[in-house]
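Please have the sequence and the structure open while reading.

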Amino acid sequence: MITAHLPSGYVVARGLPPDLPYALPVALVAAVFPDLDLLFFYLVDGRGFHHHHYWVHLPAFWLALGAVAVPLAARAGYGRQALLFLAVVFLHLALDTVAGGVAWLWPLDDRLVTLATVPARYGHWVLNFLFHWTFLFELLIWGWAGFLLIRRRA
Ligand SMILES: [Zn+2]
């Protein structure tokens, strides 16, 4: 997934009960948080390997972190926000599975699991994703988020 993570967080937040404090900022940050590894990917590792192998794209990491962080956050009164953050991170990973691949079985198997493989037909990798059928999925999420935003303002 290239462009639709942020709107996916918006869709989730707008589907939650309005009495959950900080739902929108938590969902928006969580929706893009795993892709912060792109900074490391470009600035430190020199694009040495697929950024979906970094720890922020590993479901096992988030399960382990969640097992510790969610109870601690609940004790501080933010358990629902911590669960929301974790759920939206897993949504990010699920969306990345459509065409990018996620190592769902790590540490047992570090291969990236993907729904569809995007062939390299064009000179730039972004064009390969833009002209692949999986990009329709991104447009659907954008449309859904736009619909919710327009409906909310009306
Ligand atoms: Zn990602």
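The axes of helix H4 (residues 59-75) and H5 come within 8 Å and cross at roughly 165°. Axes here are lines fitted to C-alpha atoms, for helices over the stretch in contact, and angles run from 0 to 180 degrees between N-to-C directions. That angle makes H4 roughly antiparallel to H5, since angles over 145 degrees count as roughly antiparallel, under 35 as roughly parallel, 65 to 115 as roughly perpendicular and the rest as oblique. On the H4 side the contact is made by Pro-59, Trp-62, Gly-66, Ala-69, Val-70, Ala-73 and Ala-74, and on the H5 side by Gly-79, Gln-81, Ala-82, Leu-83, Leu-86, Val-89, Phe-90 and Leu-93. Two residues are in contact if their C-beta atoms, placed from the backbone, lie within 7 Å. By class, the contact of H4 with H5 has twelve nonpolar, three polar and no charged residues; Ala, Val, Leu, Ile, Met, Phe, Trp, Tyr, Cys and Pro count as nonpolar, Asp, Glu, Lys and Arg as charged, and the others, Gly among them, as polar. Helices (H or I, at least four residues) are DSSP runs, numbered from the N terminus.

The model is predicted: local features need pLDDT of at least 70, side-chain atom pairs count only at pLDDT 80 or more, and totals for chains, interfaces and linings use all residues. Residues are numbered from 1 along each chain as its sequence is written.

Ala-73 lies in helix H4. Leaving aside neighbours within four places in sequence, Ala-73 is in contact with Tyr-78, Gly-79, Gln-81 and Ala-82. Val-118 is 45 residues from Ala-73 in sequence and 39 Å away in space, C-alpha to C-alpha.

H5 also packs with H2: their axes come within 8 Å and cross at roughly 35°. Here Ala-23, Val-26, Ala-27, Ala-30 and Ala-31 in H2 meet Gln-81, Leu-84, Phe-85, Val-88, Val-89 and His-92 in H5. The residues of this contact of H2 with H5 divide into nine nonpolar, two polar and no charged.

H2 in turn packs with H1 at an angle of about 150°, with the axes 8 Å apart. H1 and H2 are therefore roughly antiparallel to each other. In this pair, His-5, Leu-6, Ser-8, Gly-9, Tyr-10, Val-12 and Ala-13 of H1 meet Ala-23, Leu-24, Ala-27, Leu-28, Ala-30, Ala-31 and Val-32 of H2.

How enclosed is H1? Eight of the ten residues of helix H1 (residues 5-14) are buried, so H1 is largely enclosed by the rest of the structure. The buried residues pack against helix H2 (23-32), helix H5 (79-99) and helix H7 (135-153).

Leaving aside neighbours within four places in sequence, Leu-84 is in contact with Ala-23, Val-26 and Ala-27.

Definitions and conventions:
A residue is buried if 20 or more other C-beta atoms lie within 10 Å of its own, exposed if 12 or fewer, and partly exposed in between; C-beta atoms are placed from the backbone. Helices (H or I, at least four residues) and strands (E, at least two) are DSSP runs, numbered from the N terminus.
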